[in-house]
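Me: I've got a structure open and I'd like to learn how to read it. Can we take it feature by feature?

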Amino acid sequence: MAEQKSQETHSITLKTCDDVLFEVETNVAKEMKTIQSFMEESQDIATIPLANVMSQHLAMIIEYCKKHVSQEETEDAKEKFDDEFAKELSGEDMKDLFLAANYLNIKSLIDLLARSLADYIKNKSVEFVREFFNVENDYEPEEEARIREENAWAFENIDEN
């Protein structure tokens with residue numbers, strides 16, 4: 001038991017792509033499956049570089065992981081935290097955090113952000129979604145007009161951008 005306790009309080013260093021260092025407790029870092037793989041492969045790694053994660057996003061991810069590894073938190077408290085966590089995010093932060101969570105392989109955070117992004121774009125116009133996700137329109141104007149006409153029901157009750 002003492003060995004497990006010392007492992008939990010051990011920390012590792014994560015370096016973001018904008019060169020910010022974070023000391024993270026091992027039990028928190030293991031929530032990030034990508035980091036867990038690094039830790040299993042090499043015991044003597046001093047700093048783990050995160051080429052696809054910005055410091056502002058890693059700070060939020062660490063906060064999320066700390067809450068989810070906490071033994072003192074009930075499942076209800078964690079769900080409430082998740083709801084509040086997601087509500088405070090802008091659309092851009094949701095996208096960026098989703099990409100970072102995917103890179104770090106944090107399934108619960110990926111699921112939360114996927115639901116949040118789906119809610120964010122719900123009832124939005126095709127143009128809004130294209131712009132939000134930076135998707136190029138590859139339809140010819142005539143072809144798009146025909147598709148919109150044939151599927152007019154899909155374009156009803158769309159929110160204003």
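Reply: Helices (H or I, at least four residues) and strands (E, at least two) are DSSP runs, numbered from the N terminus. This is a predicted model, where local features need pLDDT of at least 70, side-chain atom pairs count only at pLDDT 80 or more, and totals for chains, interfaces and linings use all residues. Residues are numbered from 1 along each chain as its sequence is written, and side-chain values use heavy atoms, with hydrogens and water left out.

Me: Is E143 buried, exposed or partly exposed, and why?

Reply: Buried means under 20% relative accessible area, exposed over 50%, and partly exposed in between (1.4 Å probe, protein chains only). E143 has 31% relative accessibility, so E143 counts as partly exposed.

Me: Now the strands. Which way do β1 and β2 pair?

Reply: Two strands pair if DSSP finds at least two bridges between them. Here β1 (residues 11–16) and β2 (residues 21–25) run antiparallel, with five bridges, and T13 stands opposite E23 in β2. Four residues sit between the two strands of this hairpin, and D19 in the turn has a positive phi of about 65°.

Me: What about β1 and β3?

Reply: That pairing is parallel: β1 and β3 (residues 47–50) share four bridges. Look for T16, which stands opposite L50 in β3.

Me: And how do I read charged side chains?

Reply: Side chains of opposite charge can pair when their charged atoms come close. For a salt bridge, we want a side-chain nitrogen of Lys or Arg within 4 Å of a carboxyl oxygen of Asp or Glu. The count comes to 11 salt bridges by this rule.

Me: How far apart are the closest N and O atoms of D111 and K107?

Reply: They are 2.9 Å apart, in a salt bridge. Both residues lie in helix α7 (residues 107–121), four residues apart, about one turn of the helix. K107 counts as exposed because its relative accessibility is 57%, while D111, at 32%, is partly exposed.

Me: Which residue does E144 meet in a salt bridge?

Reply: R130, at 3.3 Å from N to O. This pair links distant parts of the chain, with E144 in helix α9 and R130 in helix α8 (residues 126–133), 14 residues apart. E144 is buried, since its relative accessible area is 13%; R130 is buried too, at 16%.
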